[in-house]
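Below are a few exercises, each with a worked solution to check yourself against.

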Protein chains: 2
Amino acid sequence: MQPLHRIAILAEGAFSIFGAKTAVGVLRYSRHQIVAVIDSTKSGKVVQEVLGFGGNIPIVGSVQEALLFHPDVLLIGIAPTGGQLPAAFRHAVLEAIRHRLNVWSGLHYFLSEDEELAAEAARCDVRLWDVRKPRRDLVVGSGKALHTRAYVVLTVGTDCNVGKMTVALELRNAFERLGISAAFVATGQTGILIDGEGTPLDAVPGDFMAGEVERLVLEKDAQGVDIILVEGQGSLLHPGFGPVTLALMLGAMPDDYILCTVPSRTTYRPDHRLPIPPLNQVIRLYEDVMAISYKLPKVRGIAANTSDLSDEEARAILAQYNQETGLPVCDPMRTGVENLLEVLQIGLERKRKNRVCSP
Amino acid sequence: MQPLHRIAILAEGAFSIFGAKTAVGVLRYSRHQIVAVIDSTKSGKVVQEVLGFGGNIPIVGSVQEALLFHPDVLLIGIAPTGGQLPAAFRHAVLEAIRHRLNVWSGLHYFLSEDEELAAEAARCDVRLWDVRKPRRDLVVGSGKALHTRAYVVLTVGTDCNVGKMTVALELRNAFERLGISAAFVATGQTGILIDGEGTPLDAVPGDFMAGEVERLVLEKDAQGVDIILVEGQGSLLHPGFGPVTLALMLGAMPDDYILCTVPSRTTYRPDHRLPIPPLNQVIRLYEDVMAISYKLPKVRGIAANTSDLSDEEARAILAQYNQETGLPVCDPMRTGVENLLEVLQIGLERKRKNRVCSP
């Protein structure tokens, strides 16, 4: 585990539950210490007042003000609207660099390739970390994650943007509360900014995606954790993102899956032209593909994002899914992940026994 | 179709059937005119003497000598051993540029990003085309190839390096000999150098691989061809390259497949640690995955690369595969592709009828 950082989050003009997804994710799940949020339109409040969680973390009006709380990292928690790097962003980043803050960014625009910013960062001896930029020394996957000591669970989905990162992080935290050591493997920009490491899988060249996942899973396994929760991406038959999903399956060689879904969604994002198959078909596909050659991973539970439904509708759909599939079903944000935790504890026990029995 | 070029192939010190795979592929399948091969160790011979095909194309000792045959393209037909760009390569490329030849390269080292070469190319107004470099305006796949007018056939494999490009090109040529318009979609560097266009799929970021295939298939379909033969890559359950294969399936949305295999191979290249599933399981997987949501593509025939077997062994294995699968089986280099051509003509007829019947 890397040393803990003290992070100031830049969310200028956009700090709210829906306006700053990355900032909210980092505040909810990061193990680093968030010392301040920068948004001059909400300056003087605390995070709790805006998000309904987050306690007394102050919201301040500028990088300058955030310095009072001694951050060592400026984390860019929103995407700028229009243009590559608006002047206000550039100004904030330069100010952070000049005060010796490292800068973590999930922007498409790479700060480390910006001449002015890169020169200033070199002069001040700080790191500009563009999390969307894949590393240089990539390798081809070779199935090495077939033999992890840890119990590997991959979150998969019926579509992209259905809550795969959230349920993985909720489960990681829930396991740790039980005293079971759990690791999270981040594969998308928000997950990487939350965890402080990971791979931006969607930006990795096709030949190396599975290899990147494999590398991360083996790294976590070498740390001796009991369970590795891998953040899924896309969906296996999504017409654009399916290959990224398969890379996660072949790279992580999961022992089991948690399937994520949005009940109200019937067609793949973002085009909504092609239908998502029925839940039981999706489950069978994820299980069968890997069973041909590798392990026999099962979908052990379902995480449904019901945020656009009423309490009553949500309860009904969770019950319906449970009946249709015979699996525990939850909405992590509405009901918690207790039932998934239980079923994965059984899986963890199964993995331990197999480990003992194998030569 | 782009205008035909006059190509000189650089294969210095390596021109042979096994030493210069790209050069041999281009000589065998390119529709451009190959005017000379450059290899000073074989200077004075003609291609036929070295490869057993290729007729009177002269082998010359230098770029300078190749100029006698008025090329407009220098195609780099071998990979340099050791180092990024050896001095001899640089010298040959510079000489070509100064004589106003465009340069086509499949090297990992991007000529267009080499300061000296790029400056000289700009000065001489020629193009340095690094075929491994993906284009900039990539899009996410959205299943648009579900509705092509043309009959789309994807070559798939039990592994990487089993002959997927070769059988696609042999079939393209065989269809054209019958007067049926056929297009080849190149997805690897040799295929791109042969065809003069295509996408280096292994270098495209994961999110955009399917979109690249879709774009190319739709472009060929818009040209009004009858059949589109898509060059496959990898194998669906290959632990490293599987995602690239899935991108081809989701991007091309094939009507049918030809399955390629090397009978003597039992484990995935290059590691040879994981077993390749039995042939019938591989066939079923390729068919079933797409059938869940999209089309009902079938494996219509098998192309087996038996180059490492005796005539007798080869005959036996082709007969065995035919018996096991009920499908026509050939070795394109040993027996020709006549039986695959027949079964795909039936498929083409089926597609035509469905097109007439559909609204």
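**Exercise 1.** In which sense do strand β1 and strand β4 of chain A pair, and over how many bridges?

*Solution.* First, some ground rules. This is a predicted model, where local features need pLDDT of at least 70 and side-chain atom pairs count only at pLDDT 80 or more, while totals for chains, interfaces and linings use all residues. Residues are numbered from 1 along each chain as its sequence is written, with chains lettered from A and ligands numbered from 1 in the order in which they are written.

Step 1: find β1 (residues 6-10) and β4 (residues 73-76) of chain A; they pair in the parallel sense over 4 bridges. Strands here are DSSP runs (E, at least two residues), helices are runs of H or I with at least four, and both are numbered from the N terminus. Two strands pair if DSSP finds at least two bridges between them.

Step 2: pick out one bridge. Leu10(A) has Ile76(A) as its partner in β4(A).

Step 3: zoom out to the sheet. It is open, has 6 strands with parallel pairing, and runs β3-β2-β1-β4-β5-β6 in chain A. Its edge strands, β3 (59-60) and β6 (128-130), each pair on one side only.

**Exercise 2.** Work out which residues of α10(A) are buried, and where they sit around the helix.

*Solution.* Step 1: check the helix itself. α10(A) has 13 residues and reaches 19 Å from first C-alpha to last, close to the expected 18 Å (1.5 Å times one less than the number of residues).

Step 1: list the buried residues. They are Leu279(A), Val282(A), Ile283(A), Leu285(A), Tyr286(A), Val289(A) and Met290(A). Buried means 20 or more other C-beta atoms within 10 Å of a residue's own, with C-beta atoms placed from the backbone.

Step 2: look down the axis. These residues cover an arc of only 160 degrees, which puts them on the same side of α10(A); the arc is that of the directions from the helix axis to the C-beta atoms.

Step 3: see what lies over them. The cover includes β7 (151-157), α9, β10 (256-261), β11 (298-304) and α11 (311-325) of chain A.

**Exercise 3.** Describe how β7 of chain B is enclosed, and which strands it is joined to.

*Solution.* Step 1: count. 7 of the 7 residues of β7(B) (residues 151-157) are buried, so the strand is largely enclosed by the rest of the structure.

Step 1: trace the pairing. β7(B) runs parallel to β9(B) (residues 227-230), joined by 4 bridges, and Val152(B) stands opposite Ile228(B) there. With β10(B) (residues 256-261) it is again parallel, through 5 bridges; Gly157(B) has Cys260(B) as its bridge partner.

**Exercise 4.** How many residues of chain A are in contact with chain B, and which helix gives the most?

*Solution.* Step 1: 32 residues of chain A are in contact with 32 of chain B (contact means C-beta atoms, placed from the backbone, within 7 Å).

Step 1: α8 (209-222), α9 (242-252) and α10 (279-291) of chain A each supply at least two residues. α9(A) gives the most, with 6 residues.

Step 2: 100% of the interface residues of chain A are also interface residues in chain B, so the copies meet through the same surface.

Terms used: Two residues are in contact if their C-beta atoms, placed from the backbone, lie within 7 Å. A residue is buried if 20 or more other C-beta atoms lie within 10 Å of its own, exposed if 12 or fewer, and partly exposed in between; C-beta atoms are placed from the backbone.
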